[in-house]
Amino acid sequence: MSTVVRAPATIANVGPGFDVFGLAVDGFHDVVKAREADGVRIVTEDSIPTDPERNTAGRVALMMVEEFDLPGVTLEIGKGVPVGGLGSSAASAVAAAVAIDREFGLGLEESELLRFAAEGERAAAGEPHYDNVAPCLLGGFVIWRSEREYRRLEVPGDLGFVTVTPIGVRVTTEEARKVLRERPPSLDDVVNNLSAVALMVAAIAEGDAETFARLIGQDRISEPVRRRFVPRYGELREAAYGAGALGFAISGAGPTVFAVCWREDAEDVKTALEDALSGKCVSAIHGVSEGVEVA
Ligand code: HSE
């Protein structure tokens with residue numbers, strides 16, 4: 001017997017919601033197949049570590065095997081989420097936690113799955129990022145505060161999310177967080193982001209997709225510092241708005257960027273962003289994902 005699980009890409013921060021907002025998007029998935037075995041083993045054709053201690057999904061498996069006294073598990077991993085700002089490590093961690101839970105009939109609560117996945121993500125990112133892990137598990141738009149205080153909300157309207165990952169640019173989350181400490185946000189920046197996130201949540205409650213989307217482009221905590229990691233950031237932003245985007249921001253810690261637009265404008269926005277990077281990128285148009293699924 002085996003269990004196959006698909007876990008989606010996620011956009012952390014969603015503009016001004018630094019470490020608080022996360023959105024699950026369809027189109028990119030990691031696939032993890034779990035099968036009972038002796039000890040923990042990772043099988044993959046992708047260029048990721050196969051030592052379970054150094055692999056996000058492997059770390060989840062080691063913890064779960066220990067905690068539930070399981071014989072062991074072989075995880076076959078297929079990476080579909082591009083590395084660099086789309087919650088790639090969270091997708092593997094969530095998929096592993098859910099696959100092991102189902103394969104061994106553990107019946108874990110949502111909070112337990114979140115805890116294992118977040119700890120597994122520590123292997124790759126140095127610290128857990130719930131703004132990737134939580135939307136990956138729950139789907140939709142997630143507001144994260146703590147293990148006891150979080151909400152999943154539905155994104156209003158017919159919006160498309162266009163992601164663009166520049167090829168050959170690597171930024172670790174650790175590095176992208178370190179630079180933020182070099183230039184802490186001013187009081188004005190904090191007030192700007194607070195008012196933007198508050199209005200984004202109000203816009204969701206009112207079904208006002210346009211306000212929600214426009215405020216995504218109003219981050220003043222992460223963008224001013226991290227834009228240096230994204231090649232041609234200014235041109236990308238201009239190209240996105242020129243082609244009809246409503247909002248534009250860095251996805252998670254970058255270097256992936258994303259634009260949000262009406263679904264009917266998504267092809268134009270995608271083409272404009274690809275042209276701004278002379279095609280040297282991985283790009284896609286996404287809708288909102290319902291989160292992890294057992295295949
Ligand atoms: N919120 C985190 C950051 C997400 O922006 O550093 C990392 O994926």
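So, Pro255: you'll find it in the loop between strand 8 (247-250) and strand 9 (257-262). Helices and strands here are DSSP runs, numbered from the N terminus, with at least four residues of H or I for a helix and at least two of E for a strand. Pro255 is joined to Gly254 by a cis peptide bond, with omega at about 5 degrees.

Quick housekeeping. This is a predicted model, where local features need pLDDT of at least 70 and side-chain atom pairs count only at pLDDT 80 or more, while totals for chains, interfaces and linings use all residues. Residues are numbered from 1 along each chain as its sequence is written, and side-chain values use heavy atoms, with hydrogens and water left out.

On to the ligand. Which residues are around the ligand? They are Ala12, Asn13, Phe18, Asp19, His129, Asp131, Asn132, Thr173, Arg177, Arg226, Gly252 and Ala253. To make that list, a residue needs a heavy atom within 4 Å of the molecule. By class, we get three nonpolar, five polar and four charged residues in this shell. The classes go like this: Ala, Val, Leu, Ile, Met, Phe, Trp, Tyr, Cys and Pro are nonpolar, Asp, Glu, Lys and Arg are charged, and the others, Gly among them, are polar. Domain 1 (3-154) and domain 2 (159-286) each supply at least three residues to the shell; those bounds come from an automatic or database domain assignment.

Now the polar contacts, meaning pairs of N or O atoms within 3.5 Å; within protein, one atom must be able to donate a hydrogen and the other to accept it, and residues adjacent in sequence count only if both atoms are side-chain atoms. Asp19 puts a polar side-chain atom 2.5 Å from a ligand nitrogen. Asn13 has a polar side-chain atom 2.8 Å from a ligand oxygen, and Asn132 also places one 2.8 Å from an oxygen of the ligand. How much of the ligand does the protein bury? Taken alone, the ligand exposes 260 Å², and 95% of that is buried by the protein. Those areas are Shrake-Rupley values with a 1.4 Å probe, and for residues only the protein chains shown count as cover. Helix 4 (130-138) and helix 5 (173-182) are the elements giving two or more residues to the shell.

Asn13 sits in the loop between strand 1 (3-12) and strand 2 (21-36), and its phi is near 80 degrees, a positive value in a residue other than glycine. Is Asn13 buried or exposed? Buried, at 4% relative accessible area; the cut-offs are under 20% for buried, over 50% for exposed, and partly exposed in between, with a 1.4 Å probe and protein chains only.

Another asparagine to look at is Asn55, in the loop between strand 3 (39-44) and helix 1 (56-68). Asn55 is buried too, at 4% relative accessibility. A polar atom of its side chain lies 2.8 Å from the backbone oxygen of Pro49, and the Asn55 side chain also reaches the backbone nitrogen of Gly58 at 3.0 Å.

Last stop, the largest nonpolar core, with 70 residues. A core here is a set of buried Ala, Val, Leu, Ile, Met, Phe, Trp, Tyr and Cys residues joined through side-chain atoms within 4.5 Å. Val73, Leu75, Leu159, Phe161, Phe212 and Ile216 have the most contacts inside the core. Helix 2 (residues 88-103) gives the largest share, ten residues. Where does this core lie? Domain 1 and domain 2 both give residues to it, so the core lies between them.
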